[in-house]
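Here is a short report on selected side chains and their surroundings. Take a look at the model first.

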Amino acid sequence: MTMQKDAFLPNLTAHIVEAAKNNDGKAPSERELADHFTVSRGQVREALAILEAMQVVERRAKSGIYLNEAHSGIEAMAFFARAGIPLEPKQIYEAVEVRKIHEIKAAEMAAERATEENYERLREILEESEKRISEGLGLWELDHDFHLEIVRATQNTVFYNICTTFYALSEKRLPIYFQKPERNKQSHLEHQQIFDALVSRDGVLARALMNTHLRGAQSYWTELFESQADSAES
């Protein structure tokens, strides 16, 4: 099979993960991977070097290439999520938990540092949210935009990049989370309250409102994690 260069690494990773599951964690050889994707061994070697650096795979002397079962680094997890490779529910839950910690602090910082440009972007998102709700559409993309704009409003680029990575872990599930109309309406209402606190430069209130807002999302992930754990045991 042939494919574009930008699709090679995600597809290679997905193939390795699937093959390793059925082979005691061992991945196909470089030659086998090159033949499967109709690429050169040099291209495979280059891609494997990236996956090694991300601790997704490891080479074992005189044994071969193996999937690293401890591939829980945040960069590797985000890459898996973007590549469409399923993450363990526990990994997603823990990422959401860490995201909550970051976002609560972000709301407090944004109340102090947000610029008029940040406020204008948040207003646009809220207006578009109202329109989508009236049309019976979900808010998952706008939810993503709203929360990241608040992080952007901290004026801390490193903070923003960290949070962007965490967002990648759960973005595939957001359309499912926002399937219920009442959840869209409640989320929009809470977004509006958070925005009002930011405009008022009330960091304490913004922090408290963000904490309450994210508690609902965390409850969803907790229920999902527990239901899947129960299914695995039964």
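Phe-195 counts as buried, because its relative accessibility is 6% and the cut-off for buried is under 20%. The model is a predicted one. Tyr-119 is also buried, at 5% relative accessibility. Tyr-119 and Phe-195 form an edge-to-face aromatic pair. Tyr-119 belongs to helix 6 (residues 116–134) and Phe-195 to helix 10 (residues 181–199), so the pair ties together parts that are 76 residues apart in sequence.

How many aromatic pairs does the structure hold? It holds two. In the pair of Phe-8 and Phe-37, the planes stand at 80°, so this pair is edge-to-face. It links distant parts of the chain, with Phe-8 in helix 1 (residues 5–21) and Phe-37 in helix 2, 29 residues apart. Phe-8 is buried at 9% relative accessibility. Phe-37 is buried too, with a relative accessible area of 2%. A pair of aromatic rings is described by the distance of the centres and the angle of the planes. The table gives both values.

| Aromatic pair | Centre to centre | Angle between planes |
|---|---|---|
| Phe-8 and Phe-37 | 5.5 Å | 80° |
| Tyr-119 and Phe-195 | 6.3 Å | 85° |

Arg-60 lies over the face of Tyr-66, 3.9 Å from the ring centre.

Now to helix 2. Its buried residues are Glu-30, Leu-33, Ala-34 and Phe-37. They cover an arc of only 100° around the axis, which puts them on the same side of helix 2. The face turned away from that buried side carries the exposed residues Arg-31 and Asp-35. Thr-38 follows helix 2 and has a positive phi, near 55°.

Glu-30 sits in helix 2, which spans residues 30–37. Is Glu-30 buried or exposed? Glu-30 is buried, because its relative accessible area is 9%, against a cut-off of under 20%. Which side chain makes a polar contact with the side chain of Glu-30? That partner is Arg-59, at 2.8 Å. Beyond its neighbours within four places in sequence, Glu-30 is in contact with Arg-41, Val-44, Arg-45, Leu-48, Arg-59 and Ile-65.

One more residue remains. Phe-166 is placed in helix 8 (residues 157–170). It counts as buried, at 13% relative accessibility. Phe-166 and His-102 are 64 residues apart in sequence, and their C-alpha atoms are 9.8 Å apart in space.

Terms used. Residues are numbered from 1 along each chain as its sequence is written. This is a predicted model: local features need pLDDT of at least 70, side-chain atom pairs count only at pLDDT 80 or more; totals for chains, interfaces and linings use all residues. Side-chain values use heavy atoms; hydrogens and water are left out. Helices (H or I, at least four residues) and strands (E, at least two) are DSSP runs, numbered from the N terminus. Buried means under 20% relative accessible area, exposed over 50%, partly exposed in between (1.4 Å probe, protein chains only). A polar contact is a pair of N or O atoms within 3.5 Å; within protein, one must be able to donate a hydrogen and the other to accept it, and residues adjacent in sequence count only if both atoms are side-chain atoms. Contact means heavy atoms within 4.5 Å. The arc is that of the directions from the helix axis to the C-beta atoms. Rings of Phe, Tyr and Trp (its six-membered ring) pair if their centres lie within 6.5 Å; planes under 30 degrees apart count as stacked, over 60 as edge-to-face and the rest as tilted. A charge sits over a ring if NZ of Lys or CZ of Arg is within 6 Å of the ring centre and within 35 degrees of the ring normal.
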